[in-house]
Structures are given as structure tokens and as C-alpha cells.
Amino acid sequence: INAEYGVQISIQIHTYLTDDRLLLLYLFILRTDKKKQKMYLRGIYKRKWLKWMLGVGIFGSAAFNYGLRRTQAKSLEESERLKHERNADLKAHIPTREEQLRNLKNKKKFDMLVIGGGATGTGIALDAATRGLSVALVERDDFSCGTSSRSTKLVHGGVRYLEKAVKNFDTGQFHLVLDALYERKTFLHLCPHLSRKLPIITPCYTWWEVPYYWAGLKIYDLLSGSGKLGSSLYIDREESLRRFPMLSGDDLKASVVYYDGQMNDSRVNVSLALTAGVHGAVVCNHVEVVTLLKENNTVTGATVKDTINGEIWDVNAQVVVNATGPFSDSIRKMDEPNTVNIINPSSGVHIVLPDYYSPEGMGLIIPKTKDGRVVFMLPWEGKTIAGTTDSSVEITTNPSPHENEIQFILDSISDYLAVQVRRQDVLSAWSGIRPLAIDPKAKDTASISRDHVVTVSDSGLITVAGGKWTTYRKMAKDTVDMAIKLGELKPTNDCITSNVRLIGSNGYTPSLFCELAQNHYRLKHQRHFFNKANISQDIAQHLSHAYGVRAFLVCEIAQDGFGKRLAHGYPYLEAEVVYAVRYEMAVTLIDVLARRLRLAFLDSQACHLALKRTAEIMAGQLNWDKKRIEKELQTALEVLHTMTVGRQDEDTSHKSDVDLTVVSGGDEMKARAIEEYDASV
């Protein structure tokens, strides 16, 4: 075969160098008997140049075939590897909440007890478990119920921190940016289905801003090193308006585009908790710390309470870690009542607008508003989120956005958009509390750090506070290192979390949604019969991005009769509620609708309409009685109310221009939802 390829290649190379009739004769060689082939080949070898070209052709064809076979072998190996990883991920046992509670009660003593189930706490649990330590984690509410689910959804190094570092020659800010840029690269590698790179446009309305922002963002690229997501670039006015059509063209000179990461924050947080559970950590949500246990003035554990059934018991540990974010001081005061607070809370408000406020795949940053704050406008989950504010706030469990803060965001973005910005377009609004920390051992106690702080009390309680979502893994590593040193623990290995991919990531490919759409269907229950429907593209893409390879399990549930959409115009399926209960430790309505499906954050009214059916499904899965259903509906409506109406102070003169009659009156909403559920049953 190689000889034939050699003759063909030789002839093709010399098509324009030899007589056409001679070439036809050579081609004929391949179609004649062996005796004539020998005769013709003798004639070929008498011509030295043809003999040489024949050898080159044979060698070239052999090299080509070798390379082709190597490529095919590598492709086959890659395919087999992905298949193996995918099967391993799908077969991984994720302990249920009941199993984890039994483990928490039966274990005599853990190496570490982590208080707090946010990004930092679950990151610590995963780090410790993968080092071979026995670790338990308890969370008063649900994983990511606080700040970790109310972020700007960016995985970033911090452009504004870099600006401060350069302007003020602040090495602390500079190292913060460097660490965050390194962690950004790792973050996107660990959960590719839950994160992506996002280009962000920075409009320039004066000529001096163009070189200023371009130079700053080029430094940002340089510091990113091999983790650079894309090169920042200058674009003129026309290209700016083409890429971001909603941008106001009045006085626009040009723009600079740079790249950062984006994520689904609460789903990453839940995935961290589940992955820690797969690696042996005992993680429990809805378990509250009542008091700390002490022996010889040393913290040795905690008394905890299951907030679902009220059961109380003790958990003993060699080291106790306080990773409760904004609530860090409340745990520290359990240890030392007179201790000085280290948390300086800051409010970050975000609003959700329809998708037509921003193009798909392009964000907007306003580097400096009228009062000097930074405002983002980013596409996320089919909508547009805008924020954030940065103002002082009191620490509460469910912070509610202030109407003035919502209006500030609307006013800020309206100055830069060509479309009319209306208050009634706000689909949802939420407030998160940033736990900015002050190092109690620092000489300058007035200095508030954007970096994280790890401190140890006299009784041995470790507290980690501050930091940002992007650097959760580094915060966890520093905390576990401190715990090992303090408790003289014996890990089996060093930190390996930079290579531990989250559940659902193993075997994931960007084309996964195509497999879901081609190979699965959903069975929808409609009155007295089931209707079979395809997995549409929007549903397939949502499932692949939210669950990774475990989307196949969701599709299997959808084929069992839970294939209907929960809310009109959204890709969320009833099957996801069942999956959240079975595999993701969801036990309340808000656990599902806010932190597993994100519907509460995207559209509070659509979420309200989905409450009834969600309650039906969860009642069937968890054996709820009518009293429990009513309690869940009440709690869910109270949370949704904080996401629908902005708070108004008594002395404020500002009034919203939207009709709030449909969303005001929490009692009426509760009664209506309960009546709807009773009627459906």
C-alpha cells in the first residue's frame, strides 16, 4: 500500500514537470497485473529523478500513515479517558444528609471541626479531607446561604485593586492581585461547567481614559502570566457599539476590552461540599453550633443542634475552625465574650434585569461612577445582573437591599446606556454582606484588608475571615496549614486541591449538551396523561452547565415523569428538584429555588409561581405533612419578599415608580400560596 501511495505522490509532485502521457502510463501501473507492473517499474527506476521521488514518496506516505495512526490512537485514548472519568463521576457515592448526620453523631473525635458552609468553609473541608484528615463541617442554614451566593459572580484578580496598588505603591494589594490571578486559572480548571471566561468592555468618554485603561489592563494581562484568559484590546467607537449595542454613543471615544472569569457561585459552593463528602468529609447543613466545648481553657469541639428536628449532641475535635464569614465575631464571642470585633461589614447590592440590557457573552464595567464607586453589568444565566454598591450595613441573616441602593445602580447604568432604564424592569434584587476583616494583631488596626486573615485565639479557636470568592482555595490551604501546626495533626500528604476537580467536572466537554439533547427526552405530567417531549437546546445547555456530566442523572429523572418546566420561560425542570433532594442535601424550598436552581435570584415573581409545584415534589420526596408544607411556604415567601421590594427608611422622600401592589403584603402572598397548594392537593 505504501508503494502505491509512493507512486501516486511522486506522480502528483511532478505533474507539471513531466509529459502528461507518461503520467497516465504510470497511473495505469496501479491497475495492471504483477508481470506488467515489474516491467513498468523497471522503466521507472531507469530514470534517476523518478527513482528518487519514488523513495521520497514512499517515505512520506509511511510518515503520514504513522502520524495518522498516532493521532487516531491519541483520539481513542482521550475518548476512553473521558468515558472512564465520566463513569467514575456518575458512580461516585455522594453521602445523603441522613448518612452524614449519622457519621457526625457516631464519630468520637475528628481532627478538625469547621463551622460555616460557605465557600471558605467547604473549601477547608475539601482540603483537609484530601490530606487524609478526618474533618466535620456544620452549617446553621444551607451551604452558600449567605455571602457566597450573593456575589458579583466574577472570578477575577481585581482590576480596581491593581489600580490602588499602582497608585499607592501598595505591595499588599499587588500580592492580592497576583494570588487572585493565579487562583482564577485554577478555579476555571476545577469546575469548567460552572465557570467560563467573559470579555468585559470598559467605555472611555474622554481621550485620556483610553491610554490609561489600556495600559492598566495590559499590566493586568502581564501579571496573569500563563493564566491569561485573553489579551486586552483597544476598539474604536464603531466597534464598541457593535459589540455592546446598548451602550450610549454620546461622547464615546473608544473602549478597552479585557477578560475575566464568571461562575455560578452557589452551585460551585454546593459542589465543593459534595466533593468534600465524596472524599470522606462529614458535611452537614442545617446544623447549628449552640456553644463551644472547652477543656483546660482549650476549645475541644461544639454542641450542635439539628435545626430541622431539634436534636442536640456534642461533636469533639482536635482543632475547631471558625469560617462563618460576616458572623465570625459571634462565634469568637462564644469563645471569648470580651474579644474585639474583627469584621467590618460592607453591603453589596445587585439587581437582575432582562437579557436585553446586555449582549450575550459581553459584560460592562463602569470604573468610576459619580461618587467614585465601581459598577458592573454582566450577562448571567440568561439575564443581566448589575451592581454593586459598597456601603456600611448591619449584620443580619437575610439582608434586604435598600431602595436607595437599587435606585443608585439604575441611575449609574442609565448614564452609560442608550436604552431607557426602568425600575419596573428589576426582576429581583439582593444584598450580600462582605466580611472585610481587620487583623487583630496588626499594628494599624484602622486598616481594613481585602485579603484574608487567619488568627488563633488564646483557647485555640482558629478564625479565617476576609478574602474573596476567587481565592477560597488559598484561604482554605492557609487555614488547614495552621490547623495542622496548632493541633499537631498528621496528614498523609500536602495540599492537592489544585488538581481535585469538583463533582460533575470529570469527563465534561463543552459539547455535552448535544449528547443530552440527542439521547434523552422528558416525560411531562399533564392532568391525566404523560406527554413525551424532547430536551430542547436551552434546557440541555442549562443542565450541562449546572450539573456537568451528572446532567445525565437529571435527564433520567426527567424521563420518569418529572420533565415539565417549573416556570414559564426558564429552563429549570421538575427533575432538578428531585435531584437536589436525592443528591444535593436540599431539605427546604429555598435550598432548592435559591441555591440549587437560582430561580429566586433571577426572578422573584417567577419563583413565587413555582413554589406550589416545588412544594408538591419535595413533600413527596421528604414525606412532608401539611404543617411542614405551610411552614416551608411561609419561610420561602419571607425570603422572596426581601428580593422583591427594596427597603424604605421612614425619613426618605424617594418613591419607586413601579406599582408594588402585586408584590407587597407578605401575609397576603403567604395565604394565597397556601390556598393554591391546598386546592391542588
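Leu589 is in contact (heavy atoms within 4.5 Å) with Leu611, Thr614, Ala615, Met618, Trp624, Glu632, Leu633 and Ala636, leaving aside neighbours within four places in sequence. This is a predicted model, in which local features need pLDDT of at least 70 and side-chain atom pairs count only at pLDDT 80 or more, while totals for chains, interfaces and linings use all residues. Residues are numbered from 1 along each chain as its sequence is written, and side-chain values use heavy atoms, with hydrogens and water left out.

Leu589 also belongs to the largest nonpolar core, which has 81 residues. Such a core is a set of buried Ala, Val, Leu, Ile, Met, Phe, Trp, Tyr and Cys residues joined through side-chain atoms within 4.5 Å; buried means under 20% relative accessible area (1.4 Å probe, protein chains only). Leu543, Tyr547, Leu589, Leu599 and Leu611 have the most contacts inside this core. Helix H21 (residues 604-622) supplies its largest share, eight residues; helices are DSSP runs of H or I with at least four residues, strands runs of E with at least two, numbered from the N terminus. A second, separate core of 47 residues includes Val155, Leu229, Leu489 and Met585.

Ser358 lies in the loop between strand S11 (343-353) and strand S12 (363-366). Ser358 is buried, with a relative accessible area of 5%. Beyond residues up to four places away in sequence, Ser358 touches Phe244, Met246, Leu378, Pro379 and Thr384.

The pLDDT, the predictor's confidence in each residue from 0 to 100, averages 86 over the chain.

Technical notes:
Buried < 20%, exposed > 50% of the residue type's maximum accessible area, 1.4 Å probe, protein only.
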